[in-house]
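Hi,

Here is the structure I promised to pass on. Have a look at it first, and then read my notes below.

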Amino acid sequence: MPANKKLLILPGDGIGPEVMAEVRRMVDWFDRRQAVSFDVEEDLVGGAAIDGHGAPLADATMEKAMAADAVLLGAVGGPKWDDLPFDQKPERGLLRLRKEMDLYANLRPAICFDALVEASTLKPEVVSGLDIMIVRELTGGLYFGEPRGIEELPDGTRRGVNTQVYTTPEIERVARVAFELARKRSGRLCSAEKANVMETGVLWRQEVTRVHAAEFTDVELTHMYADNCAMQLVRNPKQFDVIVTDNMFGDMLSDEAGMLTGSLGMLPSASLGDPDETGRRQSLYEPVHGTAPDIAGQGKANPLAMMLSFAMMLRYSLDLDADADLVETAVKNVLDAGTRTADIAAPGAETVSTAAMGEAVLAELDKLAA
Ligand code: NAD
């Protein structure tokens, strides 16, 4: 049997620990099956780490994250820590992980489960069968570019500045991740930028085209202006397979694509860094949703986004595609059977707790693996 995989579990705040508890049960399920085994460490992040360790991410936790095969994170933040200065807030823990692990490729799938087609605000025929992946550049561009700031002008008015900046290597590495994903899926990649009005857009298009010609001619590459892409995502989202785009456009397009599927409680994500010499990538898996303080501690949270993030970990960090398929099929079957947490239930319909949803997925895994 291969060596145990090292997982670092960071439940975080609010509903984070509640949804992560269901992932812990799934880890135990895989351990029992003995096809893959895990060494799990658990630690604090966000507000819980501020309270427990005095900082949103302790140095020792950062070291464990760097050494892990994958990190699973719940969510961070909440009203208790809202008044802290910006550089001490719970979110700094997550930002530190992303920065020091150099997680430059953010994968956000948008899959519309047939059973939840009615939860989307779009017509069923537009979203039914939807399965797309947005790859967002996560560590460069407008959110990090210098100069930045707000300055006083001599006439007493003020000026705010942010800088959009990208280099060849930054574009190349995220493009490569997207091409490789497209190759594993339906072989189509759409690159979105604003080459009509931005120099970074011109460079983005040229570099993506060059990587394509040099390494990925088997993948079909198209280019689209990001504003058109936003429109096409609601007009006819099924025309896309994989979309690659920069940090800011990706922020917007991935949220838009996510909502095509109906509920925040269903959306997983992965953030990947470069592979080392053994092929191991730094990686962090987390649901798209936050800590949901309005329902925290009530057993109402939907654990499926967290469980689907675990499935992404099996696929992208551990190369266990069949096991990832197993988890995704179990989730699909549970939804087909009508099991619903409150966030995805029709008005007046019966709902189950976080733990009952987790249990239903595990029971389905038992059936599928029998
Ligand atoms: P949120 O995602 O926590 O909640 C938005 C709404 O969706 C709420 O009504 C919530 O009850 C519901 N919801 C979210 N996840 C759900 C789930 N799994 N099951 C059922 N319902 C769910 O966003 P928010 O309210 O804007 O933020 C709350 C806190 O979370 C803030 O402190 C914010 O900073 C933090 N946050 C953290 C992350 C992260 O850690 N990555 C992301 C977003 C927000």
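A salt bridge here is a side-chain nitrogen of Lys or Arg within 4 Å of a carboxyl oxygen of Asp or Glu. Searching the whole structure for these turns up 29 salt bridges.

Before the details, some housekeeping. This is a predicted model, so local features need pLDDT of at least 70 and side-chain atom pairs count only at pLDDT 80 or more, while totals for chains, interfaces and linings use all residues. Residues are numbered from 1 along each chain as its sequence is written, and side-chain values use heavy atoms, with hydrogens and water left out.

Let's start with R24 and E42, a salt bridge whose closest N and O atoms are 2.5 Å apart. R24 belongs to helix α1 (residues 16-33) and E42 to strand β2 (residues 38-42), so this pair ties together parts that are 18 residues apart in sequence. (Helices, H or I with at least four residues, and strands, E with at least two, are DSSP runs numbered from the N terminus.) R24 is partly exposed at 30% relative accessibility, and E42 is partly exposed too, at 46%. For these words, buried means under 20% relative accessible area, exposed means over 50%, and partly exposed is in between, using a 1.4 Å probe and protein chains only.

Next come R185 and D241, with their closest N and O atoms 2.9 Å apart. This one links distant parts of the chain, 56 residues apart: R185 is in the loop between α6 (168-184) and β8 (188-193), and D241 is in the loop between α8 (226-235) and β10 (242-245). Which of these is buried? D241 is, with a relative accessible area of 7%, whereas R185 counts as partly exposed at 27%.

R280 and D276 form another salt bridge, at 3.5 Å between the closest N and O atoms. R280 is partly exposed at 25%, and so is D276 at 29%. There is also a network: R315, D321, D325 and E328 are joined by salt bridges that share partners.

Finally, take a look at two helices. α3 (residues 59-67) and α4 (residues 91-100) pack at an angle of about 40°, their axes 11 Å apart. (Axes are lines fitted to C-alpha atoms, for helices over the stretch in contact, and angles run from 0 to 180 degrees between N-to-C directions.) The two are therefore oblique to each other; angles under 35 degrees count as roughly parallel, over 145 as roughly antiparallel, 65 to 115 as roughly perpendicular and the rest as oblique.

Cheers
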